[in-house]
Structure formats: structure tokens, C-alpha cells
Amino acid sequence: METEVHSGEDLLLKVTPPRVPRHLLSRTRLRSDTDVCRGQGVVVVRAPAGFGKTSLLAQWRLEQVANGRAVAWLSAEPEDGPERLLRALTLSVRQATARPGFGQSLAARDGATHDTHIAVWLAELAQAAVPVTLSIDQADHLPPASQALVAQIVRHAPPNLQVVLAARGPIGFAVDDLVDYGRCTVMGAGLLRFRLDETLELLRRSFGDGVDNDLGARVQEFTEGWPLGLQVVLSLQQEGDGLCGLAAAARAPGGELRRHLAGLLLGAVADDDMDFLCHMACLERMHPGLCRAVDGRDCAAVRLARLGLEAPAVVRSEHGEWSRLHTVARDALRERFGALPGSERAEVHARAAAWYERQGLLDDAAGHA
């Protein structure tokens, strides 16, 4: 075990933190020293692609290191089985704490179970008496056996250890009880979206004080605060017509910029999921029961929940079961829906009308009828 841990050349990239983008906007409400994160033993950042999870964790690392805290980093991958995960965690803590001898006691436990190794790892970390944050990016990529070890770390972390997990989809263990006891914070897409004031600040940093509130509101409405969408809009306009071009693009109901953004929102959606969303595009809002009625399959509710976690095109409500499509994605999907045979479109509307009628939502039912 010791030889494997000491070698670790293949793990160096995994435990090396990414560089923080030079022009990254540090949002005050999302700093690591705010009430959202401070004092929390576990922080889970869970959102679809393009919400800046990795950049946020990298920014937190800089802030925490500046405050004297050691931050161990790990970029998780599907091939990180329990043995490889343990080696990477040990190497990461060694680098973060500048303690080359950390983890040597694991060698004496060679042949023990992985649960035992993690328990020893946690005990040695507790004895080090150094405040440490363990940041695991893409935690949902870990195989089930490794996620079980992370769950052990989360639930038995010593007082000097904070665990930060970033994931697109659900992680392999529940943290609801930790949230209830005040030991865990879960940050979702709604919290990571840019607010209007943040969008204005970002625009003014890029284009100067000539950006007025009206333009900021148009860009905010167009991107809906999706971080990657904002980044793409800024980069394309900086290369193109600058502030004038941005104003025109924000006002245009169609055009290249809208198609580009729609492609980013829907680019990673599988064909079967795309067909599903195409049928849902005629709905102003989506509910699991409504989607099940429109789709005609019992798995529709599960599919909607999964897409709400994985696809930035689906905007989940922070409260309740309702969700909707991002406006730009919905417009693109409605074009596809309009190209379907008339009989197929009529059947979709009829199913939606029947569901709304059963719920007593007669205005919505009439709209589809």
C-alpha cells in the first residue's frame, strides 16, 4: 500500500486544483465565508452542466487557503475504484497540508477492508489537528463502491474536516438527515444562477459603464442567469460587435446567438430525451403527473426528474414539483414540435387538456383543447 501511495504519479493531475479564470466574477453571496458555507461540515453543490460548479470550488479554495485552511482537491472519475480513491485522497491531503508522511499508517493495514482504511485515514486526519477542506469535483462520477467510502467520510468526518462535493446528478447516498440536523448545505441551480445585479456587474466589467439597466435586463432574460450562457454571450460579442452587437442580439427574437445558446442548452440531451422534451415544449409548465399523461409512459415522471438534474434546459422550481423549459430551449423545441404531424400534435394537446381538466384547472385545459 505504501509503495502505491508514494508513487502516485498517475494521480497528480487528479489532485491538482484547476486554475481560477482570471476574469472570474467572485459573487459576494457565494463566498466561502458567508452563512451559506461557513460552519457547515458538508456542502453539496449540485447543478447541471454550465453552472460553474468547478470554478466555484476553485474560488472557494483560494479564499480558504488565504484564511489559513488547507484544501485537498480531487477530480473524480468513473475509474476511481476504492483503492485508487484512497490513494488519491492520501496524496491530496499530503499536498494540501505539506505533510509527506501523512497516510503512512495505512501501510500497516495492508490487506484490511476499504472501510477500515477510510477509518484509519479519518483518524490520522483528526490527529493532525489542521483545518482541512476536502473538495471532490464530479463526485457523482465515482463508482458505487467509492461513493460508499465518500459517504463514510461525510458521516464520520472529524471536526477539523469540511467536505465539499460538486455533482451534476444525484450522488450515491442521501444527505437529507444531515441537512435536517444543520450539518449540511445543498446548493442547487437556483442559487448558482446569476441575479440581475450580478449580470450587470459582469457586463460592466466586460464592456464598461456604458451598459445600462435595460440592456442588463435583456441579457438576464435571454440567458436566465445561466452562467455558461452568459459567458458565451460575452465572448461572442467581445469578438464581434461589442456593446452595440450585444444590444442588438439581446433584442432579436431569433438569430445566430439564440441558435447557439439553444445548442448549448440541448447539446448533451440524448435523442430519446429530445423527443420527450419536444412533446413537452407545448406546455408552459411541467408537472410529473402532466408529463406522464402527455407522454403516455409511467417512466415520464422519472425522466423529468433526471433531466431536471442533468439538463440545463430544464429549470426546476425551488419549491414544489413544477418545472419549465428555459425560454430559448423551449422556442427551439417548439419549432420541432410544430414540424410534427398534425395528428400527433393534436393528441399531445388532448392529453394535456384532459389532465388539466381532471385537476380542475379549466383555463389551462381550455388552452390546450
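**Helix pair α14/α15.** I looked up which residues touch here: P288, C291, R292 and D295 in α14 meet A300, A301 and L304 in α15, contact being heavy atoms within 4.5 Å. Helices are DSSP runs of H or I with at least four residues, strands are E runs of at least two, both numbered from the N terminus. By type, I get five nonpolar, no polar and two charged residues in this contact; Ala, Val, Leu, Ile, Met, Phe, Trp, Tyr, Cys and Pro count as nonpolar, Asp, Glu, Lys and Arg as charged, the others, Gly among them, as polar.

**Caveats.** This is a predicted model, with local features needing pLDDT of at least 70 and side-chain atom pairs pLDDT 80 or more, while totals for chains, interfaces and linings use all residues. Numbering starts from 1 along each chain as its sequence is written, and side-chain values use heavy atoms, without hydrogens and water.

**Geometry.** I then checked the axes of α14 (residues 288-295) and α15 (residues 300-310): they come within 8 Å and cross at roughly 125 degrees.

**H326.** Next I went to the loop between β7 (323-325) and α16 (327-338), where H326 is found. Buried or exposed, I wondered about H326? H326 is buried, at a relative accessible area of 0% (buried is under 20%, exposed over 50%, partly exposed in between, with a 1.4 Å probe and protein chains only). Its side chain reaches the backbone nitrogen of V328 at 3.1 Å. Leaving aside neighbours within four places in sequence, I found H326 in contact with residues including F222, E224, L261 and P312.

**Whole protein.** I noted 18 helices and seven strands. Of the 369 residues, 50% count as buried.

Terms used: Axes fitted to C-alpha atoms, helices over the stretch in contact; angles between N-to-C directions. Polar contact = N/O pair within 3.5 Å; in protein donor to acceptor, adjacent residues only side chain to side chain.
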